[in-house]
Amino acid sequence: MANLLGVFDYVVIAIMLCVSALIGLYFRFSGGRQKTTDEFLMGSRTMGIWPVAFSLMATCLSSVAVLGVPAETYLYGTQILMSMVGIPIGGFIAVYGFLPVFYDMKVSTAYEVLYMGVVLYAPSLALNAVTGLSTWASILSIAAVCIFYSSQGGLKAILWTTVFQALLMYTAMIAVIVKISMMKGFNETFNISKRGGRLIFFE
């Protein structure tokens with residue numbers, strides 16, 4: 001229990017959840033006010049390239065990646081990074097092969113339930129570990145906020161909430177890298193990884 005978060009940490013978490021909910025409310029009462037299916041599911045097809053691109057980038061960096069890739073790298077080395085070789089190829093095929101078809105058909109898709117369950121479960125485990133809140137309470141609280149801003153603000157709220165949350169994730173990751181570099185130095189961190197046999201590629 002000594003590793004549980006302090007009051008300031010809980011305030012930050014509460015603010016993050018409240019801002020996410022407020023983004024949903026903003027888009028509920030602005031613009032087209034989510035009165036049509038096109039507005040709710042597709043953002044009236046008026047979203048700019050930057051929030052869409054940032055949202056897609058953040059979606060790829062889900063809780064599974066943030067928690068799983070460092071653990072995988074620590075346990076088994078950097079070989080997992082070779083999976084990134086296929087990402088540009090898959091992205092090229094999706095952008096020029098599938099997306100034009102979906103766009104012309106004016107259809108939308110949703111994540112499969114299994115994937116959403118895993119992505120929701122992973123941060124709930126982390127929240128449980130650092131707050132002492134039960135896993136079920138963590139799942140329900142995170143899900144409630146997500147359902148609220150999604151149902152109120154539609155796709156626009158989802159995009160902008162993802163941008164907001166992604167900025168928090170990237171800021172936290174950069175802060176961790178800076179802190180470790182200040183503690184050990186980049187070269188020493190690299191050398192420790194090398195001595196531990198974790199710098200593995202093409203095996």
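Which exposed residues does the face of H3 turned away from its buried side carry? The structure is a predicted model, in which local features need pLDDT of at least 70 and side-chain atom pairs count only at pLDDT 80 or more, whereas totals for chains, interfaces and linings use all residues. Residues are numbered from 1 along each chain as its sequence is written, and side-chain values use heavy atoms, with hydrogens and water left out.

Helix H3, which comprises the twelve residues 49-60, reaches 17 Å from its first C-alpha to its last, close to the 16 Å expected at 1.5 Å a residue, the expected span being 1.5 Å times one less than the number of residues. Helices are DSSP runs of H or I with at least four residues, numbered from the N terminus. The buried residues of H3 are Pro-51, Ser-55 and Ala-58, and because they cover an arc of only 65° around the axis, they lie on the same side of H3; the arc is that of the directions from the helix axis to the C-beta atoms. Here buried means under 20% relative accessible area, exposed over 50%, and partly exposed in between (1.4 Å probe, protein chains only). The buried residues of H3 pack against helix H7 (135-184), while the face turned away from the buried side carries the exposed residues Ile-49, Trp-50, Leu-56 and Cys-60.

In helix H1 (residues 7-28), Ser-20 is buried, with a relative accessible area of 0%. Leaving aside neighbours within four places in sequence, Ser-20 is in contact with Val-145, Tyr-149, Thr-161, Phe-164 and Gln-165, contact meaning heavy atoms within 4.5 Å.

Terms used: Helix = DSSP H or I, 4+ residues; strand = E, 2+ residues; numbered from the N terminus.
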